[in-house]
Amino acid sequence: MHPYALTIHEAAELLADGRITAVGLTEAVLARIAAVDGRVHAYLRVAAEDALAQAAEADRRRAAGEHHPLLGIPLAIKDVLCTAGLETTCGSRILEGFVPPYSATAVARLRAAGAVLLGKTNTDEFAMGSSTENSAYGPTHNPWDLDRVPGGSSGGSAAAVAAGECLGALGSDTGGSVRQPAAHCGVVGLKPTYGRVSRYGLVAFASSLDQVGPLARDVTDCALLLEAIAGHDPLDATSSERPVPAYRRALGRGVEGLRIGVPREYLVEGTQAEVAAAVEAALDVWRGLGAEILEVSLPHTEYALPTYYLLAPAEASSNLARYDGVRYGYSHPEVREMWDTFYRTRGAAFGPEVKRRIMLGTYALSAGYYDAYYLKAQQVRTLIKGDFDRALERCDVLVAPTTPTTAFRLGEKTADPLEMYLSDVFTLSLNLAGLPGISVPCGFSGGLPIGVQVIGGAFQEEIVLQAAHAYEQATAWRRTPPL
Amino acid sequence: MPMPTRLTREEVLHIADLAKLALTEDEVALYGEQLSDILAHAEALNRLDTASIPPTAHVTETRNVYREDVPRQSLRPDEALANAPDRQDDWVRVRAVFE
């Protein structure tokens, strides 16, 4: 097997046995990037020299007696996470050339564990999108079919993992942006419970919805990455003080007696027949492993999309007010007075989707409309969260498709924003409710991957991982795309 | 609680002004249409009676997180201003605010 195709835990064993060095592993992955990224465009920048230096440092640390599952493992970071000394653009022109003076906590924790950072992956601008087509630097191509999208907004990270251009990656998930691209690229992607992972250094999109999440080739790898990045951070007041379990110990517990709820409202028109069939087949696998499947109801499901598309843009309109051409980032050169700097910088350097969402959010928060839109959406959010709380009283996890269809073609949905938003119909609710969810590969249709989603109660990542792992071990969907 | 069916050009310009976005005429027209479509979709929320439902602003279990008022290391001025478009010593320079 090519070193670039190894899982993190497989590579960790080889590193521990001395059968491969971190430098050797990193060189292999860099060579893979050189071979395929011209076609995939998963990366916005590759920091090869730094990566090799970090790999050499990891080998030295191992020789000195250190061991950690991530020591020497080459990973990719979505370009919405700050990396000290390494340009961070959020896929936007407004941050072109911006070099953060600090690293996101999640990134710092990976580095502390000895992971090697290969570079920054492509993203929809400020994480706003479901296809990575909103990147100001060109789209990423799905490694399974280069004419198709990898999903978004963490499309670069998902594609990089799928294509062997890293052994794992970090993404961010505000409405499905880790899980949906994971499904479209045939990899595993996890959104933790809100507050499980620090948001410090994650460039804010919607502060009550954003979470950093891992993408990897299997569930064990996701568990290892989550363990490394999770936990309280004094720099993020929304981070939970709950202790971090050793998530890897949840794996292998099986699903005997596990109650799996299937939300009846998720059997929607517009779900591709093969996707529905693959999820049904997955439920059969779980049934065969001893789980109990029952139907549940999330009655307010149809309201999740309009709720999200009022709350997320409202929060974004506030968070993106900081991009004003004054303290960092792009600054429009043709200005007479202060206000011109604001208007022209933002008008010139934000892309259309970002402007759309800022305007939508501004409107929803504005005088006279706040109650009708923003407050109303917050009230519906309460109802949506309530649905999940009630359903999870009767079962341990919920299972649903991750996406209604397999990956669509580049350019297919860019004309109609609403159509694009519908790709997130199965993922949005979890961000509104703050619950953890994982997408694992469960089949293919026409050569394109399908993902199934496992959803848990707040801080129940162990059960989510346990259920996902059991399914994964009973099936064999891990494949390398025909690049 | 008025929910207009389509945004007028004046409303779009007002929103752009609040958001400090300079838009071209084409953008004003395009975004006006698109925003109206999205808002029309959001009208679905009116089917729900939420009169007695408390709003959820966030789903975190944390409340009023404090720390001791003890100074600690933060960014040095040169680190903080390293990305400034127009910098003079430890100052960021901007265009005139007042005429």
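Strand E2 (residues 74–78) of chain A is mostly covered, with five of its five residues buried. A residue is buried if 20 or more other C-beta atoms lie within 10 Å of its own, exposed if 12 or fewer, and partly exposed in between, with C-beta atoms placed from the backbone. Strands (E, at least two residues) and helices (H or I, at least four) are DSSP runs, numbered from the N terminus. This is a predicted model, in which local features need pLDDT of at least 70 and side-chain atom pairs count only at pLDDT 80 or more, while totals for chains, interfaces and linings use all residues. Residues are numbered from 1 along each chain as its sequence is written, and chains are lettered from A and ligands numbered from 1 in the order in which they are written.

From E2(A), A:Pro74, A:Ala76 and A:Lys78 point one way, and A:Leu75 and A:Ile77 point the other way. E2(A) pairs with the two strands in the table below; two strands pair if DSSP finds at least two bridges between them.

In soluble globular proteins, nonpolar side chains tend to be buried together. A nonpolar core here is a set of buried Ala, Val, Leu, Ile, Met, Phe, Trp, Tyr and Cys residues joined through C-beta atoms within 7 Å. The largest has 173 residues, and among those with the most contacts inside it are A:Leu75 and A:Leu81. H9(A) gives the most to this core, with nine residues. A second, separate core of six residues includes A:Trp144 and A:Phe408.

Chain A also meets chain B: 58 residues of chain A are in contact with 46 residues of chain B, where contact means C-beta atoms, placed from the backbone, within 7 Å. Helix H12 (371–394) of chain A is one of the elements that give two or more residues to this side of chain A. The largest share, 13 residues, comes from H12(A).

A:Ala476 lies in the segment after helix H15 (461–473) of chain A. A:Ala476 counts as exposed because it has 8 C-beta neighbours inside 10 Å.

Conventions:
Contact = placed C-beta atoms within 7 Å.
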